[in-house]
Amino acid sequence: MQKIPQKIIHNKYLRHRKKFPHVWCPGCSNGIVLGAVIRAVAELEWKRSDITMVSGIGCSSRMPVYVDFNTLHTLHGRAIAFATGVKLFKPELKVIVVTGDGDATAIGGNHFIHAARRNIDLTVILLNNYIYGMTGGQYSPTTPIGDRTTTTPYGNIDPAFDICELALGAGAAFVARTTAYHATEAQTFIKKALVHKGFSLVEIICACPIIYGRMNKKGDAPAMMKSMKENILSIKAYEKLTEEQKEGKIKRGIFREVIKPEYTEEYDKLVKSLQASIGEVDNDRT
Ligand SMILES: Cc1ncc(C[n+]2csc(CCOP(=O)(O)OP(=O)(O)O)c2C)c(N)n1
Ligand code: SF4
């Protein structure tokens, strides 16, 4: 495919004259993910009006402010609920949900698992930085055991969710994980998720150097990126490790890619069959 110059992508898909500079801290991974999203959309040659991006509230959830698609910046934890409404009302739209680990798996956890179970055609891009960044660093359901946050000042004792395992358990049809360090892979996974018919999840491990990094002595943004490179391994590399070597390492890759009945299509079929049966009843009456 012909490579589209960055400037053209930026001019076409970003609200660069209206909404920049952005609010993200120096070294935050959110901008890398934004770049991967718009490059994936550019590769697909989708029109801006074909897409609706929906988010909740959080640093990650500010992404719809910056893209020139149809956008909905909604309530904390309710992005998937709003996105479900959009998709059912206008199934022809490509609906992208951008969410954080807090937004999607704490307050929004129920919406997340049930959208996966229903297999509604949404692409969920989940930026997992292991903390509530926007509100100053409370722990989230993905904060690792032992980590310090404002709500776990003596170290977290709650076991963390593995977001991809959660989505797989809930029945999601497409499940992938990568990191902000692996930006090209992120773009590829997002593109695959966007064209996948059904619920798709791309979890992107992100660096929040200013809150999570500082509180947990993870070093600066480059150090956090280096750690992603060294510790978040492809499925192939991970599977070669001994059980002992797997300690502290995480797998990245596509964990599931299957086609199953999609919710809006099933809903449409049901409506049409009911309308047809009502029509038969009406015909019998005449
Ligand atoms: C109903 C409700 N509860 C709480 C908040 C406060 N709040 C805003 S963002 C946020 C957490 C954001 O964390 P996450 O979703 O992980 O995103 P991040 O900022 O880390 O990208 C919270 C608790 C809110 N806005 N609305
Ligand atoms: S607080 Fe963390 S997640 Fe939020 S913009 Fe800053 S670095 Fe990024």
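This report describes the strands, helices, ligand shells and backbone features of the structure above.

The model is predicted, and local features are reported where pLDDT is at least 70, side-chain atom pairs count only at pLDDT 80 or more, and totals for chains, interfaces and linings use all residues. Residues are numbered from 1 along each chain as its sequence is written, while chains are lettered from A and ligands numbered from 1 in the order in which they are written.

## The sheet

Helices (H or I, at least four residues) and strands (E, at least two) are taken as DSSP runs and numbered from the N terminus. Eight strands form an open sheet with mixed pairing in the order S2-S1-S3-S4-S8-S7-S10-S9, where two strands pair if DSSP finds at least two bridges between them. Strand S2 (70-73) and strand S9 (232-234) stand at the edges with a single partner strand each, so one side of each has no neighbour in the sheet. On average, and with direction ignored, neighbouring strands of this sheet are turned by 20° against each other.

Strands of a sheet pair through backbone hydrogen bonds, in either a parallel or an antiparallel sense. S9 runs parallel to strand S10 (residues 250-257), to which three bridges join it; Ser234 has Arg252 of S10 as its bridge partner, and Ile232 stands opposite Ile250 in S10. Strand S7 (residues 174-179), by contrast, pairs with S10 in the antiparallel sense over four bridges, and Ala176 has Ile254 of S10 as its bridge partner.

## Helices on the sheet and against each other

Two packed helices are described by the angle between their axes and the distance between the axes. Axes here are lines fitted to C-alpha atoms, for helices over the stretch in contact, and angles run from 0 to 180 degrees between N-to-C directions. The two helix pairs below are listed with their values.

| Helix pair | Angle | Axis distance |
|---|---|---|
| H2 (residues 30-44) and H8 (residues 183-195) | about 50° | 8 Å |
| H4 (residues 79-89) and H6 (residues 109-118) | about 40° | 8 Å |

H4 and H6 are therefore oblique to each other, on a scale where angles under 35 degrees count as roughly parallel, over 145 as roughly antiparallel, 65 to 115 as roughly perpendicular and the rest as oblique. Their contact is made by Ile80, Ala81 and Thr84 of H4 together with His111, Phe112 and Ala115 of H6, residues being in contact if their C-beta atoms, placed from the backbone, lie within 7 Å. By class, this contact of H4 with H6 has four nonpolar, two polar and no charged residues, where Ala, Val, Leu, Ile, Met, Phe, Trp, Tyr, Cys and Pro count as nonpolar, Asp, Glu, Lys and Arg as charged, and the others, Gly among them, as polar.

For H2 and H8, the angle of about 50° makes H2 oblique to H8. The contact includes Ile32, Val33 and Arg39 from H2 and Ala186, Ile190 and Lys191 from H8, and by class the contact of H2 with H8 has 11 nonpolar, two polar and three charged residues.

H2 lies across strand S1 (51-55), strand S4 (122-128) and strand S8 (200-205), and runs at about 155° to S4, whereas H4 lies across S1, S2, strand S3 (94-100) and S4, and runs at about 175° to S3.

## Ligand shells

A residue is near a molecule or strand if its C-beta atom, placed from the backbone, lies within 6 Å of it. Ligand 1 is surrounded by 17 residues, of which Gly58, Gly100, Gly102, Asp103 and Gly133 are the closest. Helix H5 (101-107) and strand S5 (131-132) each supply at least two residues of this shell, and H5 gives the most, with three residues. The shell around ligand 1 divides into six nonpolar, nine polar and two charged residues.

Around ligand 2 the residues include Trp24, Cys25, Cys28, Cys59, Cys208 and Gly133. Helix H9 (residues 209-215) gives the most to the shell around ligand 2, with three residues, and the classes there are nine nonpolar, three polar and no charged residues.

## Backbone features

Most residues other than glycine have a negative phi, and most peptide bonds are trans. The peptide bond from Phe20 to Pro21 is cis, with omega near 5°, and Pro21 is found in the loop between helix H1 (6-13) and H2. Glu45, which lies in the loop between H2 and S1, has a positive phi near 60°.

Terms used:
Two residues are in contact if their C-beta atoms, placed from the backbone, lie within 7 Å.
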